[in-house]
Amino acid sequence: MLVANKMNIKLYLKDVNKLTIDKNLLLSLLKISHNMFGFIPNDVQEIIENKTGLSHSYIVGVSSFYEMFQMIPTGKYQIGVCSGINCDDFHHYRLLEELEHELGIKKGHTTDDKQFTIIPQQCIGNCASAPNVTVNSKIYEKATKEDIKSIVNEYKVI
Ligand code: FES
């Protein structure tokens with residue numbers, strides 16, 4: 001994950017300039033930002049506004065509609081417990097409770113050391129291996145409550 005400073009915003013712009021921009025590309029532009037920075041910085045919102053001609057309020061509205069897009073900086077590791085219908089059948093909320101307990105924060109929040117953010121996670125299309133836990137782009141399949149501590153420990157700064 002990159003820090004959203006001027007230099008890295010230029011990298012975003014460089015990536016975006018490779019694309020043929022139109023209004024239909026909004027979700028792709030948001031995804032690129034999310035993958036680079038873990039959220040949608042104000043500078044990126046302005047770039048998207050200028051490139052697509054979409055209004056600022058529309059961009060913010062779309063970004064806010066999709067839970068996967070964060071509007072504020074997140075931790076280095078974004079952990080999510082899938083809350084889709086198949087993972088819910090396997091009591092995803094028990095995993096989420098364990099994760100919140102393990103990290104000492106609630107869903108949508110970031111630890112004080114900026115290492116972890118518990119993100120809302122919708123279906124990731126891996127339903128056959130429910131319940132799924134994600135850490136950035138890595139998927140932990142058929143996760144159990146007992147797995148949560150070892151997953152967190154994999155990423156903790158020692
Ligand atoms: S419902 Fe969790 S991966 Fe589809």
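Colleague: What percentage of the 158 residues counts as buried?
Modeller: Of the 158 residues of the protein, 29% are buried. A residue is buried if 20 or more other C-beta atoms lie within 10 Å of its own, exposed if 12 or fewer, and partly exposed in between, with C-beta atoms placed from the backbone. This is a predicted model, in which local features need pLDDT of at least 70 and side-chain atom pairs count only at pLDDT 80 or more, while totals for chains, interfaces and linings use all residues. Residues are numbered from 1 along each chain as its sequence is written.

Colleague: How many helices and strands are there?
Modeller: The protein has seven helices and four strands, in the pattern α-α-α-α-β-α-α-β-β-β-α along the sequence. Helices (H or I, at least four residues) and strands (E, at least two) are DSSP runs, numbered from the N terminus.

Colleague: And the domains, where are they?
Modeller: Domain 1 covers 6-65 and domain 2 covers 77-155; the bounds come from an automatic or database domain assignment. Taken over C-alpha atoms, the centres of the two domains are separated by 27 Å. The C-alpha atoms of the protein fill a box of roughly 45 × 35 × 25 Å along the principal axes.

Colleague: Next, the sheet. What is the strand order?
Modeller: The order is 2-1-3-4, in an open sheet with mixed pairing. Two strands pair if DSSP finds at least two bridges between them. Strand 2 and strand 4 are at the edges with a single partner strand each, so one side of each has no neighbour in the sheet. From one strand to the next, the twist averages 25°. Axes are lines fitted to C-alpha atoms, for helices over the stretch in contact, and angles run from 0 to 180 degrees between N-to-C directions.

Colleague: How many bridges join strand 1 to strand 2?
Modeller: Six, and the two strands run parallel. C82 has Q121 of strand 2 as its bridge partner.

Colleague: Which strands does helix 6 touch?
Modeller: Helix 6 packs on the sheet against strand 1, strand 2 and strand 3, with its direction at about 150° to that of strand 1. Helix 7 also packs on the sheet, touching strand 1, strand 3 and strand 4, and its direction makes about 5° with that of strand 3. Contact means that C-beta atoms, placed from the backbone, lie within 7 Å.

Colleague: What about the largest nonpolar core, how many residues?
Modeller: The largest core has 18 residues, and those with the most contacts inside it include I79, L95, F116 and I118. Strand 1 (77-82), helix 6 (92-103), strand 2 (116-121) and helix 7 (145-155) each give two or more residues to this core. Another core, of 10 residues, lies apart from it, with A4, Y12, I48 and I59 among its members. A nonpolar core is a set of buried Ala, Val, Leu, Ile, Met, Phe, Trp, Tyr and Cys residues joined through C-beta atoms within 7 Å.

Colleague: Is H91 buried or exposed?
Modeller: H91 is exposed, with 12 other C-beta atoms within 10 Å. N136, also not a glycine, has a positive phi of about 50°, and is partly exposed with 15 other C-beta atoms within 10 Å. N136 lies in the loop between strand 3 and strand 4 (138-140).

Technical notes. Contact = placed C-beta atoms within 7 Å.
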